[in-house]
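The entries follow the order in which I looked.

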Amino acid sequence: MKILAIESSCDETAAAVVEDGRTVLSSVIASQVEEHRLYGGVVPEIASRRHAEAIVPVTSQALEQAGLSLGSIDALAVTYAPGLIGALLVGVNFVKGLALSTGLPLVPVHHLRSHIASNYISNKELKPPFLCLVVSGGHSHIVLVEDYTQMKIIGKTRDDAAGEAFDKAARTMGMPYPGGIALDKVAEDGDPHAFVLPRPVVHDAPYDFSFSGLKTAVLNLLHNARQKGETLNTADVCASFRYAVVDCLTTNFLKAAEALRMDKLVIAGGVSANALLRRTLQAECDKSGRQLFMPEKALCGDNAAMVGAQAFYEFQSGRRAGADLNAYATKSIEEG
Ligand code: KG4
Ligand code: ZN
C-alpha cells in the first residue's frame, strides 16, 4: 500500500511516499529555518505563508522522486495536530483538496505518533509494545506504545520541552536558531562536570519532567558571569547543561522502564538526534540487557516519511478523515 503523506506542523514543508509503513519511496523537505533564524525562532505567520508557497512543488517533487503519479497512490495522509494552527491548516486543506479530486481515502496523523513511527522506517523489526521517550521542540513525553495506534502517557514535562530548553539556553549563548543542534556540537569539546546544575524533580510524579528551572539556572550562571566581567568557557557551559538535561531524561525514562518491566526502549523527536542522549541510553541498555531503538539522524527532525509510516497503521485500524477534517494546535497523543 502506497501512501502520499504531507507534513506542515512547524517550519518544514514536507511530502513523502511510503510503502506499507516501512519503505520510503521518496521524501522531500523544504526547510524555512534560514528565514526564521533572522528572528531567533519560528514566526507563525511567516511559516503559514511559506507552507502555502511550497506545498504544491514539494508534493510534485515527492511523486516525481518516487516515479509515481497520483493514480498509483492508495491513500493520502496529513499531520493534523498538534502544531502551529496556521501551518497545520495549509497541509490539511491542501490534502482535503487532493482527496476530493482523486477520491482517495484520507488519514489524519498525530505529529508525535509520527515521530515514534520514524523508528518503523529505521528499525524494520521494531513492533509494539515498547516504551518511547518522545522529545521534540514542543513536547517531552514518556509514552507506553501498547500497539501501533494505542498509546498511554506515562510522564510528561510540566513546563518547557527538552528541545525548547536547549534552544533557549543556546540562544543566550548567541547560537543561531534552532540552537539545540549547535549546543550539542559545542558540548562535545566541553567538560560536563565544569558547572553543577540542578536536576529538577516533580514531586508525586516520578516520570514527569521540569526543565524551566534548569534553563533559568544556566541563564543565571551566564548573566552573573557577564555582570562580574568574567568569561565562561562556552563548551563547558554547553556540556554541563546538556549533561543535566540528558540526565533528567534518561533517569526518568529508565525508572519508568524498570517499573513497567519494559525491555524494548525507543526514542523519537528532534532531540533524539542528541549525541549524548543516544550514547548514554545505548550504554545503559547494553548494561541492563535492554534493546534500544533510535531513528536514523535524518528522520529525527520533522519530515513526511514518518507521517506516511504512522498513517499505514492508522489506516489499518480504520482511521479516516472526511471533508470536515480540522487542524488542532493541541491534541493528546492518546487520542491520536
Ligand atoms: O521534532 P522537531 O524537529 O520539531 C518539533 O516537533 O518540535 O524538534 C525540534 C527540536 C528543536 O528544539 C531542536 O533544537 C532540537 O529538536 N534538536 C536538538 C538536536 N537536534 C535537534 N536538541 C538537542 N540536540 C540535538 N542534536
Ligand atoms: Zn516534530
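Entry 1, a parallel pair. I looked up V78 and found that its bridge partner in β5 is P108. Strand β4 covers residues 75-81, and five bridges join β4 to β5. The two strands run parallel. I note that this is a predicted model, so I am reading computed values throughout.

Entry 2, an antiparallel pair. I then looked up strand β2, residues 12-19, which is joined to β3 by eight bridges. β2 and β3 run antiparallel. V18 stands opposite V24 in β3. Between β2 and β3 there are three residues, and the two strands form a hairpin. D20 sits in the turn of this hairpin with a positive phi of about 50°.

In what order do the five strands stand? I wrote down β3-β2-β1-β4-β5, an open sheet with mixed pairing. For my own reference, strands of a sheet pair through backbone hydrogen bonds, either parallel or antiparallel. The edge strands are β3 (23-31) and β5 (106-110), and each of them pairs on one side only. From one strand to the next the twist averages 20°.

I found five strands that form an open sheet in the order β8-β7-β6-β9-β10, and the pairing is mixed. Why is one side of β8 and of β10 left without a neighbour in the sheet? β8 (150-156) and β10 (291-293) stand at the edges, and each has a single partner strand, so one side of each stays without a neighbour. The twist here averages 25° from one strand to the next.

Strand β6 holds residues 130-135 and strand β7 holds residues 140-147. I noted that they pair in the antiparallel sense over six bridges. The bridge partner of V135 in β7 is S140.

I looked up the bond between A81 and P82 and found it to be cis, with omega of about -15°. P82 lies in the loop between β4 and α3, and α3 spans 85-102. I found another cis peptide bond joining Y177 and P178, where omega is about -10°. P178 lies in the loop between α5 and α6.

D204 is not a glycine, yet I read a positive phi of about 65° for D204. Where is D204 found? I placed D204 in the loop between α6 and α7, with α7 covering 212-227.

I found ligand 1 in the largest pocket. Which of the 19 residues around ligand 1 come nearest? I listed H115, G137, D167, D184 and N274. Three helices, α4 (111-122), α5 (162-172) and α6 (179-187), each supply at least two residues of the shell around ligand 1.

I looked up the distances from oxygen atoms of ligand 1.
- An N or O atom in the side chain of D167 is 2.6 Å from an oxygen atom of ligand 1.
- A polar backbone atom of G270 is 3.0 Å from an oxygen atom of ligand 1.
- An N or O atom in the side chain of D302 is 3.3 Å from an oxygen atom of ligand 1.

How much of ligand 1 does the protein bury? Taken alone, ligand 1 exposes 550 Å², and I noted that the protein buries 87% of that.

Methods: Residues are numbered from 1 along each chain as its sequence is written. Chains are lettered from A and ligands numbered from 1 in the order in which they are written. This is a predicted model: local features need pLDDT of at least 70, side-chain atom pairs count only at pLDDT 80 or more; totals for chains, interfaces and linings use all residues. Side-chain values use heavy atoms; hydrogens and water are left out. Two strands pair if DSSP finds at least two bridges between them. Helices (H or I, at least four residues) and strands (E, at least two) are DSSP runs, numbered from the N terminus. Axes are lines fitted to C-alpha atoms, for helices over the stretch in contact, and angles run from 0 to 180 degrees between N-to-C directions. A residue is near a molecule or strand if one of its heavy atoms lies within 4 Å of it. A polar contact is a pair of N or O atoms within 3.5 Å; within protein, one must be able to donate a hydrogen and the other to accept it, and residues adjacent in sequence count only if both atoms are side-chain atoms. Accessible areas come from the Shrake-Rupley method with a 1.4 Å probe; for residues, only the protein chains shown count as cover. On a 1 Å grid over the protein atoms alone, a cavity is a set of points where a 1.4 Å probe fits but cannot get out, and a pocket is an open set with protein on both sides within 12 Å along at least five of seven lines; lining residues have an atom within 4 Å of a point. A molecule sits in a cavity or pocket if more than half of its atoms lie within 2 Å of its grid points.
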